[in-house]
Protein chains: 2
Amino acid sequence: MSVMTLHRPAHRDALALLESAFGDGRMVTVFGRCRVEYDGRASSSLGPGDRLVVCKPDGTILVHTDEQREPVNWQPPGCTHRASVREGRLRIRSERTSPEERLDVAFERIEQVSAYEVTDRSDLALTGSEEDLRQRILDDPSLVEVGFEPTAAERETAAGPVDLFGSDAEERPVVVELKRRRVGPSAASQLTRYVAAVDEEFPETGVRGILVAPSVTDRTAAMLDERGLEFVALEPVGDEDTADASGASPDDDAEPG
Amino acid sequence: MSVMTLHRPAHRDALALLESAFGDGRMVTVFGRCRVEYDGRASSSLGPGDRLVVCKPDGTILVHTDEQREPVNWQPPGCTHRASVREGRLRIRSERTSPEERLDVAFERIEQVSAYEVTDRSDLALTGSEEDLRQRILDDPSLVEVGFEPTAAERETAAGPVDLFGSDAEERPVVVELKRRRVGPSAASQLTRYVAAVDEEFPETGVRGILVAPSVTDRTAAMLDERGLEFVALEPVGDEDTADASGASPDDDAEPG
DNA sequence: TACTGTATTTCGCTA
DNA sequence: TAGCGAAGTACAGTA
């Protein structure tokens, strides 16, 4: 069966399902009143409350409350889950090494336990990333500046890899830093680091630094200005009127009403 | 009842439960074969597969596969969820404005739908954050350096707020940047920015910059050195042997075997 | 494994 | 609301 569910199970029955599912590679959800203790890179303690706990076959565990996108507690992939019953509580312990981390969830009441057989072969196709912005520029370098000729992407420097490297119409080296959204001071610092490193490679050549992003904050614009760096406004995807609520997208066959 | 669950429901029955739960402020999980389309800050398309979809009453929606801590698709809190049935598929649409974003999940098969009544009043108590590191230093400034006197936390400068600001034994201004874990180049850049800003405030005073963190990468150490910045090794919590598997913690009443 | 940077980052805080 | 920086960030790519 694809889903196995127990409602208000006795702890020992819940335990049996959990152990079976952990052994099987099935995904598990447990909903009930629990406490959570975490110790590792940091430490945390969470008092009693109703939460949804999700255990994935890859060793991920998530503890979700009724709010926020982020789990209140979690363990990343690669952990080992074990279930047990001690002192009238169903416990799930998730551990890993390097770093040494431990998560303990103790249920005093279980409303529901489910185990799911999951199959998912599809990959996510995402557009609008920084990678898309880079491709857009490589397809048409004049978007940055007429005469700009990119010679390398992710070019290594003493300060780390530069998004785009090339030369301008006057053969001066050009360092381009790409951001998919409006940027703050850290992007200006980053570009500064790269330009300084390239400047040591090619002294006296007047290395230019160009930040390409949809927009910059005022303080960042000032920083760029002070340091003789440039800004070009550009987005990962062309002006496609992405958020058009009036026109129906091709694959959107839903109708209101 | 605290949990309401339907197994392999007809779409219209699943729809009824979803609409009721969205109206109620109950949390919902749906497990089944679905496709997902997202459009907003970026765009994505996800082909058919079995996934666990979680809808929270605060407007969060998560689409989880059997792998990774991160949902393959999501929508943050504040969104509006609507369910419908079109062309033989149960659809969940989650929308928000500013930014305009839309997530569509279309189920071709539903294995299980559950609605949960969630109550959670407990707050997470976390230790080991950067804030703890700051408090540790304010309690004993000599951890940074004998003679260091902090005068302000989060002190505003032209480059942004500085973690700790104060003076050394020789009355020189000191800028301290705190990190709870091993740091890379961006932390050095950050400190550089702050020191430059404070240096403009107090010219000719020999403003010092100190990075306080557990450790730094080699490249970062070189950057600090070049710029005349200093490093002090310190962790958010004292050496408490946090990851001690042999000794039982006070609140750990679980026994192996 | 360690280092580096991106992210539909999310989140909290402050002006 | 926008700006700014932290996070138990997670995650991918590379050396």
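Ala, Val, Leu, Ile, Met, Phe, Trp, Tyr, Cys and Pro are counted here as nonpolar, Asp, Glu, Lys and Arg as charged, and the remaining residues, Gly among them, as polar. By this division, the surface near DNA strand D holds nine nonpolar, seven polar and 12 charged residues. The structure under discussion is a predicted model.

**The surface near DNA strand D**

In total, 28 residues surround DNA strand D. The closest of them come from both protein chains: Trp74(A), Gln75(A) and Arg182(A) from chain A, and Arg180(B) and Tyr194(B) from chain B.

| Residue | Protein atom | Atom of DNA strand D | Distance |
|---|---|---|---|
| Gln68(B) | polar side-chain atom | sugar or linking oxygen | 3.4 Å |
| Glu130(B) | backbone N or O atom | phosphate oxygen | 2.8 Å |
| Arg181(B) | side-chain N or O atom | phosphate oxygen | 2.7 Å |

Two elements give two or more residues to the surface near DNA strand D, namely β5 (73-75) of chain A and α3 (185-201) of chain B.

**The interface between chain B and chain A**

The two protein chains also meet each other. On the side of chain B, 87 residues are in contact with chain A, and 88 residues of chain A take part in return. The size of an interface is often expressed as the accessible area lost when the parts come together. For chain B and chain A, about 6700 Å² is buried between them, with 47% of it on carbon and sulfur atoms. Asp66(B), Arg69(B) and Arg193(B) supply 11% of the area that chain B buries against chain A, more than any other three residues.

Polar interactions also link the chains. Between chain B and chain A there are 32 residue pairs in polar contact, counted where both residues have pLDDT 80 or more. The count of salt bridges between the two chains is four. Arg51(B) forms a salt bridge with Asp120(A), in which the closest N and O atoms are 2.7 Å apart. Strand β3 (residues 43-55) of chain B provides 11 residues, the largest share of the side of chain B that touches chain A. That side of chain B comprises 25 nonpolar, 28 polar and 34 charged residues.

Strand β3 (residues 43-55) of chain A pairs with strand β9 (residues 124-127) of chain B in the antiparallel sense, over four bridges. Within this pairing, Leu46(A) has Leu124(B) as its bridge partner in β9(B).

Key: Residues are numbered from 1 along each chain as its sequence is written. Chains are lettered from A and ligands numbered from 1 in the order in which they are written. This is a predicted model: local features need pLDDT of at least 70, side-chain atom pairs count only at pLDDT 80 or more; totals for chains, interfaces and linings use all residues. Side-chain values use heavy atoms; hydrogens and water are left out. Contact means heavy atoms within 4.5 Å. Buried area is the accessible area (1.4 Å probe) that two parts lose on being put together, summed over both. A salt bridge is a side-chain nitrogen of Lys or Arg within 4 Å of a carboxyl oxygen of Asp or Glu. A polar contact is a pair of N or O atoms within 3.5 Å; within protein, one must be able to donate a hydrogen and the other to accept it, and residues adjacent in sequence count only if both atoms are side-chain atoms. Two strands pair if DSSP finds at least two bridges between them. A residue is near a molecule or strand if one of its heavy atoms lies within 4 Å of it.
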